[in-house]
Amino acid sequence: MSDGQLLFITFAALYLIECLRLVPARASIAVGRGSCWRLIRPPQNLRGRGLGIILLPPLPPLPAHFHTTPWIFIPHDDHLEVRDHEQTTARIDWPQLAPSHDEAALILKGVMTLRLHSPAAARDWCARLVEWRDADAGRRRDLFLRDARQSLDTTAAEKTARTLQRRVSTLNNIAAAILLACFGGITIVYRWLGEGTQLWIALLVLLAMQITQSIVFLRASKASDLGPAVPWRRCKALVIALLPHMSARAADHLCRVITNTPHPLSLRAIMDDAAWKKLATTFWRDARFRPGWQTRDELPPDAIALQRFFREQDIDTAALESPPEKTGSSLAWCPRCHTQFERADITCADCGGVALQEW
C-alpha cells in the first residue's frame with residue numbers, strides 16, 4: 001500500500017467517524033431536504049445504557065438534520081415516570097427527585113443519570129423538573145400538557161426544518177464539492193498522473209474550497225432564531241480550513257445547536273404520510289396500553305396529550321388500535337406490541353405486564 005492510498009483510507013475513516021452521532025436511546029434525528037424528511041433511529045444492536053449510535057448520511061447531497069425526542073419524563077400524582085428506553089421505565093417519587101446537570105448529562109437521583117443531546121437540553125429539563133416537583137399534582141399535569149402541545153406543533157417543526165435547510169444549504173453544497181474533490185478528483189489525478197504538478201494544483205484547489213467553507217461557516221455560525229452561536233466557532237473554522245473531513249461536515253456544527261427539539265410526530269407536514277401514520281400508531285399504543293390499562297379510570301398524561309393532538313389532526317385513535325391479523329390458534333394478542341398468544345389469562349412480559357385482549 002502506497003502512502004497516498006494509506007492517506008486516502010485514513011481520511012475516509014475519519015470522515016465516517018465525523019458522521020456518527022451519540023444520542024439518547026429513544027431519540028431520533030430528522031434528516032432531509034425540501035419536503036422529503038425522514039427519521040433515523042439508533043439500531044437496536046447499537047443501543048446501551050440509555051444511549052445509541054446513529055450514522056448520518058455520508059454521501060452528497062448532504063441533508064440538514066436536527067434532533068427529535070419523544071417524551072422521556074411523564075409526571076404522575078405521586079411520582080415521575082422516566083422512559084429512557086422503549087420497554088423499561090424508572091419511577092422516582094417526587095420527594096426524592098433532586099435534578100442537576102453536568103454538560104449534557106441530567107442527574108436525577110443518586111447515580112441515575114440520563115444523557116441528553118445537548119447541554120442546553122439538560123439545563124432546560126433540570127429547571128423544568130424542579131418546577132414540576134414543587135407544583136401540586138394538577139399543576140404538574142397542566143405544565144406537562146402545555147409543554148407536550150408545544151413539542152407537537154407541526155408549524156414550528158416545519159419552520160425549523162426549512163429555516164435550518166436554508167442556513168446550511170451553502171455549507172452542504174461546498175461540502176459536496178470537497179468530498180468529490182478529495183475522494184474523486186485528487187484520487188484520479190494521483191492514480192494516473194502521480195505526484196506531479198497536476199496533483200499539487202488539485203491539492204491547492206481543495207485547500208481553496210476548504211478556506212471558502214471556513215469563511216461561510218464563520219458567517220453562518222452566529223446566533224440566530226434557531227439557537228445560540230456555535231461554541232468555539234473561530235477554532236472550529238480554523239480546523240475546517242485545514243482538514244477535509246471536518247470541512248465536509250461543517251454544517252453539522254450548526255445543526256447541533258438547534259434549541260427546538262420537537263416530538264417526532266410534529267414532522268407530519270414534511271414526512272411521508274404512510275411513515276408518519278405508522279409512527280403515530282406506535283406512539284399511541286405505547287401511551288395508551290400500559291400495565292393496568294383495562295382498570296384505569298383515565299388515560300395517562302402522555303396519552304391525553306396525544307389524543308388531543310390526533311383530534312386536531314383529524315386522526316381517529318380507534319383506527320390506531322386495530323388488532324393484528326389473527327394467525328394460527330392464538331386466543332389473545334397484546335394491544336401494545338401485537339404479539340399473539342395461545343393463552344388469554346396471562347400478560348405480555350415484553351411490555352411490562354400489559355393485559356391481553358381476546359379475539
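Predicted model: local features only at pLDDT ≥ 70, side-chain atom pairs only at ≥ 80, totals over all residues.
**Exercise 1. Work out how Asp314 is placed relative to helix α10, and whether Asp314 is buried or exposed.**

Solution. Start with the helix. α10 covers residues 301-312, which is twelve residues. From its first C-alpha to its last, α10 reaches 17 Å, close to the 16 Å expected at 1.5 Å a residue. The buried residues of α10 include Pro301, Ile304, Leu306, Phe309 and Phe310. Now move past the end of the helix: just after α10, Asp314 takes a positive phi of about 60 degrees. Asp314 belongs to the loop between α10 and α11 (317-320). Its relative accessibility is 71%, so Asp314 counts as exposed.

**Exercise 2. Find which peptide bond joining Pro60 and Pro61 is present, and say where Pro61 lies.**

Solution. The bond between Pro60 and Pro61 is cis, with omega about 5 degrees. In general, most peptide bonds are trans. Pro61 itself is in the loop between β5 (51-55) and β6 (64-68).

**Exercise 3. Describe how helices α2 and α3 pack, and which residues make the contact.**

Solution. Two packed helices are described by the angle between their axes and the distance between the axes. Take the angle first: α2 (residues 119-134) and α3 (residues 137-151) pack at about 150 degrees. Their axes are 8 Å apart. An angle over 145 degrees counts as roughly antiparallel, and α2 and α3 are therefore roughly antiparallel to each other. The crossing of α2 past α3 is right-handed. On the α2 side, Arg128, Glu131, Trp132 and Arg133 make the contact, and on the α3 side Arg139, Arg140, Leu143, Phe144 and Asp147 do. Sorted by kind, these residues give three nonpolar, no polar and six charged.

**Exercise 4. Describe helix α5 and its packing against α6.**

Solution. Begin with the span. Among the buried residues of α5 are Leu199, Ala202, Leu206 and Ala220.

Then turn to the pair. The axes of α5 (residues 197-220) and α6 (residues 233-242) come within 7 Å and cross at roughly 160 degrees. That makes α5 roughly antiparallel to α6. The crossing of the two is right-handed. Residues of α5 in the contact include Leu207, Gln210, Ile211 and Phe217, and those of α6 include Arg233, Ala237, Leu238 and Leu242. The residues of the contact divide into nine nonpolar, three polar and four charged. Gln210 and Phe217 are also among the buried residues of α5.

**Exercise 5. State where His245 is found, whether His245 is buried or exposed, and which residues His245 touches.**

Solution. His245 is part of helix α7 (residues 244-248). Its relative accessibility is 9%, so His245 counts as buried. Leaving out residues up to four places away in sequence, His245 touches Phe11, Leu14, Tyr15 and Glu18.

Definitions and conventions. Residues numbered from 1 in each chain as written. Heavy atoms only, no water. Axes fitted to C-alpha atoms, helices over the stretch in contact; angles between N-to-C directions. Helix = DSSP H or I, 4+ residues; strand = E, 2+ residues; numbered from the N terminus. Parallel < 35°, antiparallel > 145°, perpendicular 65-115°, else oblique. Left-handed = near helix turned anticlockwise from the far one by under 90°. Contact = heavy atoms within 4.5 Å. Nonpolar A, V, L, I, M, F, W, Y, C, P; charged D, E, K, R; others polar. Expected span 1.5 Å × (residues − 1). Buried < 20%, exposed > 50% of the residue type's maximum accessible area, 1.4 Å probe, protein only.
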